Amino acid sequence: MIEKSFKNAGPCAGVSRRKLITGTCTLLGACVMGSPVSAWFFSESSGSEDIRGHIFKHDAPEKLWKWHKKAKYQKSLANRRTACGICPNRCVLAPGDRSVCRSRVNMDGTLYSLAYGAACAVHVDPVEKKPLYHFKPRTTAFSIAATGCSFRCLNCQNWQISQVRPEDVRHYDMFPEQVVKGAMDASAASVAYTYSEATTWFEYMTDTARLAREAGLSNLYISNGYINPKPLDELCGLIDAANVNLKSFSDKIYRKLNGGRLKPVLNTFMTMNRRGVHFEMTNLVVPGYVDDPDMVKRMCAWIVETLGPDHPLHFLRFFPQYRLDRLAPTPVATLTKFRDIAMSEGIHYVYVGNVPGHPGNNTWCHNCGKLLIERRGYNIPVYNIKNGRCAFCNTVIPGVWS
Ligand code: SF4
């Protein structure tokens, strides 16, 4: 079993050396005006608390290192500026600047990723850990991360790798071919792009996913869902399953807690639904931020109405983390209540995570109510799904079971 990760730098490593530019939306808009940018590039509005435009001025290295790749979805602007079209932050970088996600730089008018082949975390995980409860249970996923994130979540679990530059952490020399070999050697069923925000190392993820698919492996995208339509369209052709965070159902909370926006995430769910990608949703219940029952009710009603009742929803218990290290853990009663709300709104499979022994760890047939999968940690002592159907009443259980 491979279990390795390198985390040797704090979230603010190097920041004092940088000039963090908190450019306003107005300024960003002014930069764009008169530039040859297509309409698709700037279709979302931004609020005052999101991080769009918070780029790192003059923070690019003097020269490219080995782990670089010319960035996809870039647009050349006047004065050798470049714009990134991967995520709704839509960074606009002058030569020598570094992106919001810290892994992309403008080198003399061309945008490069510095995270290509630079895996800073490599683990073999049960697929249930992602969490994916309705996708090839009892298999393992060869899980990789490079540094970078498009959000600034106050409660980030992996800030040591998500909120740093590629140069700030030790990493493996692990290009796509080596990732696939590692997965095959570990007898994993899948490769998971996880831990940090894989969207920000899009080139590394997609090149690996192509090779993985050729080798008969599945591809798992574990993400905040903050991705623009064109790269998402490409990605949907490569992934087999996703777990996407629905961090709240409030744009205001998204801005405050995560530094992002709600609408693009909802768009991601709708696109994946339309494309037939198997996805599950995760909602981390952060006390004081994401624990309003009315909001949960509205969120679940939207899910059922827009995406249908069959995509599993995971409510996860929060534990003190990062900048919210003084908050208490989520009360278990809150999670139980939210599960009840979601089920009464019509979602068929609703789980409670990070609470050992809770009935919401298990899968219960939405038709007959019998126990289909019992989970104890990542072990599965009871398994009553046969050929994708309930072993008791023969109802089709949504998911990918073999
Ligand atoms: S992927 Fe990174 S560089 Fe591209 S828009 Fe998002 S934050 Fe900016």
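The ligand has a shell of residues around it: Cys 84, Ile 86, Cys 87, Asn 89, Arg 90, Cys 91, Ser 99, Val 100, Cys 101, Arg 104, Ser 150 and Thr 200. A residue counts as near a molecule if its C-beta atom, placed from the backbone, lies within 6 Å of it. Six residues of the shell are nonpolar, four are polar and two are charged. Here Ala, Val, Leu, Ile, Met, Phe, Trp, Tyr, Cys and Pro count as nonpolar, Asp, Glu, Lys and Arg as charged, and the others, Gly among them, as polar.

The model is predicted: local features need pLDDT of at least 70, side-chain atom pairs count only at pLDDT 80 or more, and totals for chains, interfaces and linings use all residues. Residue numbers start from 1 along each chain as its sequence is written.

The protein chain holds nine helices and 24 strands. These are DSSP runs, numbered from the N terminus: helices (H or I) have at least four residues, strands (E) at least two. Of the 402 residues in the protein chain, 49% are buried. A residue is buried if 20 or more other C-beta atoms lie within 10 Å of its own, exposed if 12 or fewer, and partly exposed in between, with C-beta atoms placed from the backbone.

Strands pair if DSSP finds at least two bridges between them. E6 (residues 82-84) and E7 have two bridges. Thr 82 has Leu 93 in E7 as its bridge partner. The largest nonpolar core has 103 residues, and Ala 119, Val 191, Leu 220 and Ala 242 touch the most other members. Such a core is a set of buried Ala, Val, Leu, Ile, Met, Phe, Trp, Tyr and Cys residues joined through C-beta atoms within 7 Å. Helix H4 (residues 202-214) gives the most to this core, with five residues. Apart from it lies another core, of five residues, including Cys 365, Leu 372, Cys 390 and Ile 397. Ala 119 touches Ile 144, Ala 145, Ala 146, His 171, Tyr 172 and Met 174, not counting residues up to four places away in sequence. Contact requires C-beta atoms, placed from the backbone, within 7 Å.

What lies over H4? Its buried residues are covered by elements including strand E4 (69-70), strand E9 (110-113), helix H3 (176-185), strand E14 (190-193), strand E15 (218-223) and helix H5 (229-236). Those buried in H4 are Phe 202, Glu 203, Tyr 204, Met 205, Thr 206, Thr 208, Ala 209 and Ala 212. After H4 comes Gly 216, with a positive phi near 85 degrees.

Strand E17 (residues 278-285) contains Leu 284. Eight of the eight residues of E17 are buried. In a regular strand, side chains alternate between the two faces of the sheet. In E17, His 278, Glu 280, Thr 282 and Leu 284 are buried on one side, and Phe 279, Met 281, Asn 283 and Val 285 on the other. E17 runs parallel to strand E16 (residues 241-245), joined by five bridges. One of the bridge partners is Glu 280 in E17, for Asn 243. E17 also pairs in the parallel sense with strand E18 (residues 313-317), over five bridges. There Thr 282 has His 314 as its bridge partner.

Why is Leu 284 called buried? Leu 284 has 24 other C-beta atoms within 10 Å. Beyond its neighbours within four places in sequence, Leu 284 is in contact with Lys 247, Val 290, Leu 316 and Phe 318.

Terms used: Contact = placed C-beta atoms within 7 Å.
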